[in-house]
Structure formats: structure tokens, C-alpha cells
Amino acid sequence: IAATQPSTNWHLKENARDHHTSKFSSKELIVRRGQAFIVTFNGTEQPEQNLTFIAETGPKPSKLAKTQATFGLSGTVSQEGWSAVLQSTSSNSVSISISSPPNAVIGRYKLSVQSTSSGSSSPASLGTFVLLFNPWSSGDDVFMPNKAECEEYVLEEFGIIFAGNKNHINSFGWNFGQFQEDILNTCLSMLDRSLNYRQDPATDVSHRNDPKYLGRVLSAMVNANDDQGVILGNWSGNYEGGRSPSSWTGSSEILQNWKKSGFRPVRYGQCWVFAAVLTTVLRCLGIPTRTITNFSSAHDADGNLRVDEFYDASGNHLDRAADSIWNFHVWNESWFSRSDLGPSYSGWQILDATPQEESGGIYQCGPASRNAIKEGDVDLDYDCPFVFAEVNADCMYWNYDPATGKKTLIFSKSTVIGQFISTKAVGRDDRVDVTNDYKYEEGSTKERDIFKKARKKLGLEDKFDPTAPTPQEIDQKPDISGKFKVAGTLEVGKDLSLILVLANLQSDAKTVHVNMTAWSTVYTRRPVHEIWKNSVSVTLSPKEEKQFHIKIPYTDYKQQLTTDNTIQVTALCHVEGGIQVLVQRDIILDNPAIDIQVLGEAKVNKEVDVEVIFTNPTDTEVMDCVLQVEGNDLLRGILEIDLPPLKASEKSSTKFKLIPSETGPKHLLVNFSCDKFADIKTFKMVNVID
């Protein structure tokens, strides 16, 4: 080979089109494994049959570790390893079709060529390319036969995340942005910053052909615990020193901030932020991934498939147990086969990057096979008991006396946890319920059998548990029933009106002493500030029902509310001569709406005006108003607009310009914040035409 450096034509456009990588904004070749790509180079004086190619990745490339491949020209594509097939030659250039095996290590490769006939000449570098997973290829572990699902779970940059609570599901848009500038490089850096890589780089890189390995490593890297990963979690309700988790509208800003700061954890995230960033990273690398929201999600810290909640005599929800029931929790599902468990456990796998419990000594979770969760096979890798509990745990509500340490069971329920498990539909902005993919119908014998099977596998059936309630405690029947009803609207800025309804179930009169509290909480139902308390004594005639009207004025709760807009109302009823009854409700207050209008047709490379309208619904002035706008292919980066204060009931209209850069359906995401309302979100689909 001549001493000159060969010049390489990577056929970026054609290769990207064939490999579904056209959306990446990169000058480097990005291709998928198990599929051929074309490269043309010149500067070889030798006959083609004497060429040998070397593809290598990682710090210590080796054939044994499958991080280095040496291959000559052959007539056909190899089924096992790398191969090169001659396409065409001219006087000074050669076009080659190079194929990688469907189980190749992913990452950045160096490609070199060497002439075998000239003996000692050293290989000439052709440059670098990036190899990704290939869900379009039937030989790949991540193969997804349905093309529409590949489009959604790998190529779609817009997502919808469900939140709220089981009585009130709401949703917001998210910009995953996996193809935005430098995101791929950041994802590759993330792999090189993991604990596994730091301990043994060569071995770590050799495992990067395996989606279950990468999924687990990345579930650890997305949270900052253990490894200075991407996002620092904060569930305190106080987000000083960083940004409130609810203020983010997309992943690219978070990943770019992490890289720009020299890989210092970004402050702050909560579950949906961890899940959304993990979605971005896995879609970027080519593993089909989606976010899943579980309502009434159990965090079973002690692994007994039971969640304990404690209340004091006044009805305050005590923050003393490691267990908790979150209004909702968001995790991920990624699609790949499980050669370690067998074909019946392939398909959707649960990964969770939110740091809740350690697994193998670090905060990581999964992959847990969704089929294994449904069948109660909690002894299978990885972290099935924790995930099984998130959707199946039994709940125990206790009265706890801090003075004596005595606890008394109020009641237990086995049908509370794991409801309305939700994800975005393929190709549409709708909610799809996947609860039946996680468990058999609640209350069916099959569902109870699976629960018993799981308890047995965990060794809970045979073990005496001194903390468990006695059968007598569980079988106690209350004398009265109670519930909170909503009267009027649930909106931030309006007074909160509720009705406590108590009914005597017995045929003799009952005297009841009721202690009521209302606390602002975060979405994990962790109490933050007391808002209101009251107590009342009442005598209920036989079978009588009574109503108590409760009003909590806006002025009483506005300072106390967290960015989650959640309030937990509790009534602990002490029935004379009977067992206590706990009535509780988690309330979500809606923010006022904002409205987006696109004024005119959106055309490529032409300015179009957008108007955002917000009306202040309160009778006080709102200050510190900021509008944040993002949308791939509609504007570059994130637009921030400071708005003047708004008087009571005043309407504001803000206009800005977009210059769309590409045709097709695009999503514009808007986030509005001020001193009275945190992070009001909305999105608008903009159809861009030529």
C-alpha cells in the first residue's frame, strides 16, 4: 500500500438510509450490526484479492474478546463473523460491502486496510464508524418484527409520559431527542464512565454485544448514585441548587448539561426523568424502549411483598417506614431476547434507573422479564422480586403510637397496588393500558395463586414474620365506613371543597371521634407540609349516613403546595368499642391551561408565528413568568422567554417564530412557570410541509 493515507468515501447518505440512521446529525458513518454497508477508498496499488481489513473497538482490541476482527475479501457474506465483498473497482479506487455479525459488539470502531502481498507494511487507517443494535435484522437479539413498533420505539423522538394518580391520570409530552447533536457521543461516553468499564475496560467492551448487559449498566449510569451518573434524584420538595424535576421538557438538555459540566450529575430528577433519559440512551443505541407508568406503585424496601403505612392517632401519615406507595412510578421496558432464561421470557424487559434499592451493591434494576413478573417467576434474573412487588404487593395500614412504639392494624388490602399501567400508543398520542401484561385479573383465583407462588419462591410462606398482622387482626370487620367526596373543581388557585361521608354499618348507634389532616405531598406520597387539621365527634344512629363539609381556602395551601400539586387528606376515625377506620384520599389539583396556536402553515425553511395564551385564574398578581419552548426540527435548542407579571384574571399572549428544518409531523413542547404555578406543560403537533 502506498505511504499516502487513503481517502475514504463512507457513502453516508445511502448507508444511513439503508440502516435507518438518517436522523442522526453526524458526519461520521453510523450503521447497524448484521447488515452490509458500502465503503469506497483509494490509494491502494495492490490487486484487491490481497487486501485484509481490520475492524476494532475498545481500548484493548482482541479477537478472543470479539473486539477485533480481521477479514479478507470473500465472495459471500459470512454468517458468523465480519466479511467484505468486492462491489466494484476503478483505476485507483475500490468499493467494498462490509458486513458485521448480528451479535457484534456495538460502539465506535476503527477500520483499517492492509495489503497482504507487501509483507511488512503497516495497516492504513480508513477512519472510524459507529455500530449500533439492529431491531430490523432477524438475527439480532433486539429484533422487532413489527416495523411500526421499530419506528415508534427506536426512531420516534417525541413521547408522552403518564402521571397523576389512579383517580386522575394526566400526561405530558417529552422530547427524547436521541438523534440530536452529540447525544450519541454522550451515550458512548456514558458506557465508558460506568463502574464496570472503570474496573475492567476490555471485559466491559467485550460484553457490549448484549442488550441485557447494556440495559443493566445504563440503568445504573442514568442515576448519579455510585458512579457520578447523569441525574441526581431529589424527592424532598425543595429543589434549591438545581432545577425542579418537573421543569424539564426533554432529555437532550440534561445529557448536554452533564457532558458540558465535565460529567457532573445534573440536579434534579424524579422517576419520569430517569426513565425518559434511559429511553433516549437505549433508543439512540438501537434497543427498542418505551416508558411505562404504574399507578399506586409499591416500593417494597424489605422484600416481603407487603407495604406498611403508619398513621398516628391524629391521622398524620408518618414518614417512618422504608416502604411506600407512590401515586405513580415510571420505569422502562426494552425489547430483546433472553437467551439466559429461554424463549418464553423474551420480549419486553423491565429496566428502572430510579435509585430505589441496591441490586448487586449498586443502584440499578433489571432487566426483569415482563413474562416472569406475570407468572410469578421471581427467582429469575434480574430484580424480579422488587418489580413483582411494585405491581402486586399487599398493603397494610397501621396506627402507630410513637410514645409506646405499639402498632395496631387498621386494615389491609390486596387490590390497591399496580393499577392502570400505561404507555403511549404506537403511532398515536393515546394511552394504552398494559396492566393485563403484568398480572392476571385482580381478585381472580389465578392472580392469588401467582401471588402465593411468588411468596413461596421467596421463602415467605414458611417463615414466621413477627411484623405481620395476625389472622384475627386481618379478619376484623369495621363498624362504620367512610369516604372523601370532591365537591367543586380541583384547581390550583381555587378553594378546595370536600365532603367526608361516614356511614354506620351496624344496627346500633356508634360514637365516632374523627381526626382529620391535610398535607401537601410529593408524588411519592411523602408528606411535606401540614396544610390543615380539624377534629369532630359524632354519633351515628343505626345505618345512618352523615356528611361533613370541608373547605380549605387557596390562601391556606398556596405556600405549602409542592410542584406536584398533590394533597393527601386523611380522617382517622376512632369508633368507641370498635376498631379504627382510616379514610384517605390523594388529591391532585390541576394547573390552569395554556393554549398554543400556530398562525399559518408551517413550511420548511420559512418563518411561522406561534402564539401562546395564558390567563391568570387567581385574584392576585402572578410574577416571575417564564415560557420555555423546544421542538426538534422546529427550532434550535431551547427558547426561553421572560414574561411581564400578570394581574388578576389578566390574559397574556406571547408570540415567537419557528423556522422548521424538516417536513413531517413535529411536536412543539411548551412549559410555563410563575410564582403561583409550577411547570404548566402542553404540546402541539405541527405538520410541516414543503
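The model is predicted, so local features need pLDDT of at least 70 and side-chain atom pairs count only at pLDDT 80 or more, while totals for chains, interfaces and linings use all residues. Residues are numbered from 1 along each chain as its sequence is written, and side-chain values use heavy atoms, with hydrogens and water left out.

View 1. The structure holds 29 aromatic pairs, counted for rings of Phe, Tyr and Trp (its six-membered ring) whose centres lie within 6.5 Å, with planes under 30 degrees apart called stacked, over 60 edge-to-face and the rest tilted. The pair of W258 and F263 is edge-to-face because the ring centres are 4.7 Å apart and the planes stand at 75°. W258 is buried at a relative accessible area of 0%, and F263, at 16%, also counts as buried. W272 and F328 form a tilted pair, with 6.1 Å from centre to centre and 40° between the planes. Since W272 belongs to helix 8 (residues 271-285) and F328 to strand 17 (residues 324-336), this pair ties together parts that are 56 residues apart in sequence; helices (H or I, at least four residues) and strands (E, at least two) are DSSP runs numbered from the N terminus.

**View 2. R320 over two rings.** R320 lies over the face of F310, at 4.6 Å from the ring centre, and over the face of Y400, at 3.9 Å from the ring centre. A charge sits over a ring if NZ of Lys or CZ of Arg is within 6 Å of the ring centre and within 35 degrees of the ring normal.

**View 3. The surroundings of N515.** N515, in strand 26 (residues 510-521), counts as partly exposed at 22% relative accessibility. The C-alpha atoms of N515 and S535, 20 residues apart along the chain, are separated by 4.4 Å. Beyond residues up to four places away in sequence, N515 touches several residues, among them A313, S314, N534 and H574, a contact being heavy atoms within 4.5 Å.

**View 4. An open sheet of three strands.** The strands follow the order 31-33-36 with antiparallel pairing, where two strands pair if DSSP finds at least two bridges between them. Strand 33 (residues 608-615) and strand 36 pair over eight bridges.

Technical notes: Buried < 20%, exposed > 50% of the residue type's maximum accessible area, 1.4 Å probe, protein only.
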